[in-house]
Amino acid sequence: MRKIRTYADLEGPDRSGLGDQLALQHRRVDRRMKAVRTVLAVASGKGGVGKSFVAATLASALARGGGTAGLLDADLNGPTAPSLLGLPRRSLSVTNDGVVPPVDSAGLRVFSTDLLLEDGEPLRWRGPAAESSVWLGSLEKGAFREFLSDVSWGELDVLVVDLPPGAQRLVELAELVPKRTRVIGVTIPTSASKAAVARSLRAAGDRDLPIAGIVENMSGYACGSCGAVGPLHPGDAGDALARELDLPLLARIPFDAAAAACAERGDMNGLLASRAGQEIAALAERLEREGAP
Amino acid sequence: MKFLCIDCDEQMGFGERQLPGDGTLAAVFRCPACGREVAMLTNPMETQVVSSLGIKIGGRTVPEQPLELVRSSLDGGRDEAFAEPPVDSVTSPETSPVEWAETATRRLEAVPSFVRGMVKRIYTDYAKEHGIHEITPEIMDQARTDLGLEGM
């Protein structure tokens with residue numbers, strides 16, 4: 001068999017340019033994220049735990065606390081941030097620096113695929129549908145990367161990233177912004193949620209991402225009349241995760257019908273005044289006090 | 001990715017890229033010693049795998065536009081999602097303006113509004129870079145191939 005020189009044997013540059021372009025993409029993210037003090041990833045391994053609700057409310061509370069804050073809705077297929085924040089749909093300005101994110105009344109800078117789509121329009125990508133499993137993951141990672149690098153976030157104390165369920169986007173974030181990212185794990189009290197969130201947080205730990213702590217959402221039901229918190233879900237996932245992973249339990253947020261109504265109509269001021277909102281505002285204060293964001 | 005001319009034991013250089021518009025791609029590599037050329041042909045799925053990474057085989061010659069991958073890959077999208085500045089306001093003031101032939105303008109108008117502004121900027125940047133004063137459909141074809149703009 002004849003000896004053919006290997007890739008490494010060839011000293012000439014890689015003229016396909018693929019490696020250089022991938023490196024350039026990472027440098028674009030680096031340049032943008034240098035102006036962001038902390039990226040706070042709000043993660044869970046499971047859908048339906050109210051992660052987007054926690055992320056949007058927390059970002060709003062941080063913006064109202066005097067810092068500069070942004071919210072990146074990284075749930076590309078189920079974006080909710082603009083509606084939770086009551087953001088009106090306007091055209092996004094494009095400048096040489098990037099796409100200017102909309103700003104809510106509290107100064108929170110927001111980006112989401114929801115801003116790009118018609119009401120109710122699903123996210124669809126062009127490409128050969130029959131083989132979409134081959135390229136869809138790369139494309140969604142690329143979209144996430146562009147949301148970090150090509151949105152004109154400006155100087156931020158904190159960029160809250162609302163991650164979709166599962167660990168994949170968290171792993172991508174660790175790859176793209178390894179130095180500034182901290183993670184908050186959101187769970188509900190059930191054992192199923194605990195197992196899923198533990199998996200995500202271990203994936204974060206495997207990539208050396210610092211974990212700020214656990215938030216237990218839907219931690220009981222807050223009575224709209226007397227304010228007392230009664231049982232809602234069985235389990236103690238927040239405490240158990242904190243114990244097992246040696247992390248602080250940062251907040252317990254009860255289900256609160258008043259907060260849910262405010263979220264439904266995009267009334268963040270009302271939401272933050274609710275029982276659940278006050279718990280999240282206290283979480284924001286704690287994170288600021290501890291220097292997490 | 002590197003290409004080796006086995007007869008000459010020389011690394012081949014990138015020659016050109018062609019996008020016929022059916023989702024396939026041809027990338028030509030040339031041996032600097034003997035001049036032999038080979039074309040790497042990819043099927044639509046393979047082309048898509050590369051473009052999904054946000055990269056162009058053979059490299060880029062014009063700057064990447066903000067959210068270029070998202071805007072060029074999204075199927076649909078809100079018509080008024082982006083407010084683009086006038087093209088001339090975002091290019092160098094010392095370069096002469098680029099005119100759009102009526103036929104090219106009509107073709108541009110057929111591009112979905114979601115991505116039209118970005119496409120116009122890319123073609124204008126390409127024309128300025130190549131000293132072209134009027135963009136015609138032929139120039140658009142040439143730019144699309146040179147820049148690897150599948151689907152634009």
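Modeller: Ask away.

Biologist: Are A:Arg169 and A:Glu172 buried or exposed?

Modeller: A:Arg169 is buried, and A:Glu172 is buried too. The word means under 20% relative accessible area, with exposed being over 50% and partly exposed in between (1.4 Å probe, protein chains only). Bear in mind that this is a predicted model, where local features need pLDDT of at least 70, side-chain atom pairs count only at pLDDT 80 or more, and totals for chains, interfaces and linings use all residues. Residues are numbered from 1 along each chain as its sequence is written, chains are lettered from A and ligands numbered from 1 in the order in which they are written, and side-chain values use heavy atoms, leaving out hydrogens and water.

Biologist: What makes A:Arg169 and A:Glu172 a salt bridge?

Modeller: The label needs a side-chain nitrogen of Lys or Arg within 4 Å of a carboxyl oxygen of Asp or Glu. Here the closest N and O atoms are 3.0 Å apart, so the pair passes the 4 Å limit. Both residues sit in helix H5 (residues 168–176) of chain A, three residues apart, or about one turn of the helix. Helices here are DSSP runs of H or I with at least four residues and strands are E runs with at least two, numbered from the N terminus.

Biologist: How do you know that the salt bridge of A:Arg5 and B:Asp9 joins two chains?

Modeller: Their closest N and O atoms are 3.0 Å apart. A:Arg5 is in the segment before helix H1 (18–33) of chain A, while B:Asp9 is in the loop between strand S1 (3–5) and strand S2 (10–18) of chain B, so two chains are joined. A:Arg5 has 31% relative accessibility, which makes it partly exposed, and B:Asp9, at 37%, is partly exposed as well.

Biologist: Why is it said that B:Asp7 and B:Arg36 link distant parts of the chain?

Modeller: Their closest N and O atoms are 3.2 Å apart, yet the two residues are 29 residues apart in the chain. B:Asp7 is in the loop between S1 and S2 of chain B, and B:Arg36 in the loop between strand S3 (25–30) and strand S4 (37–42). B:Asp7 is at 61% relative accessibility, so it counts as exposed, whereas B:Arg36, at 43%, counts as partly exposed. Elsewhere, A:Arg89, A:Asp114 and A:Asp119 are joined into one network by salt bridges that share partners. Over all chains, the search finds 21 salt bridges.

Biologist: What is in the largest nonpolar core, and which residues have the most contacts inside it?

Modeller: A nonpolar core is a set of buried Ala, Val, Leu, Ile, Met, Phe, Trp, Tyr and Cys residues joined through side-chain atoms within 4.5 Å. The largest one has 73 residues, with A:Phe111 and A:Leu148 having the most contacts inside it. Helix H4 (residues 113–129) of chain B gives the most to this core: eight residues. Beyond four places in sequence, A:Phe111 is in contact (heavy atoms within 4.5 Å) with residues including A:Leu71, A:Trp153 and B:Leu67. Apart from that core there is another, of 42 residues, among them A:Ala212 and A:Met268.

Biologist: Why does B:Leu67 count as buried?

Modeller: Because its relative accessible area is 0%, against the limit of under 20%. B:Leu67 also has a positive phi, near 55 degrees, without being a glycine. Its place is the loop between helix H1 (44–51) and helix H2 (68–73) of chain B.

Biologist: What makes A:Tyr221, A:Leu232 and A:Phe255 a nonpolar patch?

Modeller: Patch members need over 30% relative accessible area and no salt bridge; like charges are joined within 9 Å, nonpolar side chains (Val, Leu, Ile, Met, Phe, Trp, Tyr) within 5 Å. The three together have about 250 Å² of accessible area, from the Shrake-Rupley method with a 1.4 Å probe, and for residues only the protein chains shown count as cover.

Biologist: How do you know that chain A is as compact as a globular protein of that length?

Modeller: Chain A has 10 helices and 10 strands. Its radius of gyration is 20 Å, close to the 19 Å that the globule rule gives for 293 residues, so the label holds. The radius is taken over C-alpha atoms, and the rule is 2.2 Å times the number of residues to the power 0.38. Buried residues make up 52% of the chain.
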